[in-house]
Amino acid sequence: MVEIHGLDALLQALDSGQTIPGGSPHHVAMHATSQEALRITAELNGRYHSPDEVRALMSELTGHEVPESFHLFPPFSADFGKNLRFGEDVFVNSGCRFQDQGGIDIGDGSLIGHNAVITTLNHDMSPSRRADLHPAPVVVGRGVWFGANVTVLPGVTIGDGAVVGAGAVVTKDVPPRAVVVGVPAKQVGTVQDG
């Protein structure tokens, strides 16, 4: 793994929700980390890899060991990688894109469908400060299922056992065991035991 100057301080700032001003030392460290993520994901997506090789590359991307029970079908994209955490028995299908600077936690037993996009950053609304970045984590509970083409916006928590229907855009928290669909996603049901 490449040593990135300022990464630990950047992660502390991101995890505490601090704004990252454009051009700041944190912004420079973020760009350096993104270049490393691009290198690793290019390797991941460039040819066939066995499941063990995929896990090794994902461990390099995240900076910590991913569980042996983790599975991912490339291609996959993360533009940071170091603020991404997977629980046990997580499956990520092909085409997913994760913007994890603000932190993405995916709980045990969750299934992430094709082409899901999870975002954790917003730019500042003021044109003069547009390069400033505002991080907000996304937390996906245990046993969550995303259909294909789901988009999750910064700061959202999705409760344990929830189902997010294909094509949904999740703009606010989803209660445990809720079934949500649409743009923006709205609850249409509850997951029943069975």
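## A buried threonine

Thr119 counts as buried because its relative accessibility is 17% (buried means under 20% relative accessible area, exposed over 50%, partly exposed in between, with a 1.4 Å probe and protein chains only). This is a predicted model, in which local features need pLDDT of at least 70 and side-chain atom pairs count only at pLDDT 80 or more, while totals for chains, interfaces and linings use all residues. Residues are numbered from 1 along each chain as its sequence is written, and side-chain values use heavy atoms, with hydrogens and water left out.

Thr119 sits in the loop that links strand E8 (117–118) with strand E9 (121–123). Helices (H or I, at least four residues) and strands (E, at least two) are DSSP runs, numbered from the N terminus. Leaving aside residues up to four places away in sequence, Thr119 touches Gln99, Val138, Val152, Leu153 and Pro154; contact means heavy atoms within 4.5 Å.

## Two helices side by side

Helix H2 (residues 25–46) packs with helix H3 (residues 51–62) at an angle of about 175 degrees, their axes 10 Å apart. Axes are lines fitted to C-alpha atoms, for helices over the stretch in contact, and angles run from 0 to 180 degrees between N-to-C directions. H2 and H3 are therefore roughly antiparallel (angles over 145 degrees).

## An open sheet

Now to the strands: 7 of them form an open sheet with mixed pairing, in the order E1-E4-E7-E12-E15-E17-E18. Two strands pair if DSSP finds at least two bridges between them. At the edges are strand E1 (71–72) and strand E18 (186–190), each pairing on one side only.

Key
Angles under 35 degrees count as roughly parallel, over 145 as roughly antiparallel, 65 to 115 as roughly perpendicular and the rest as oblique.
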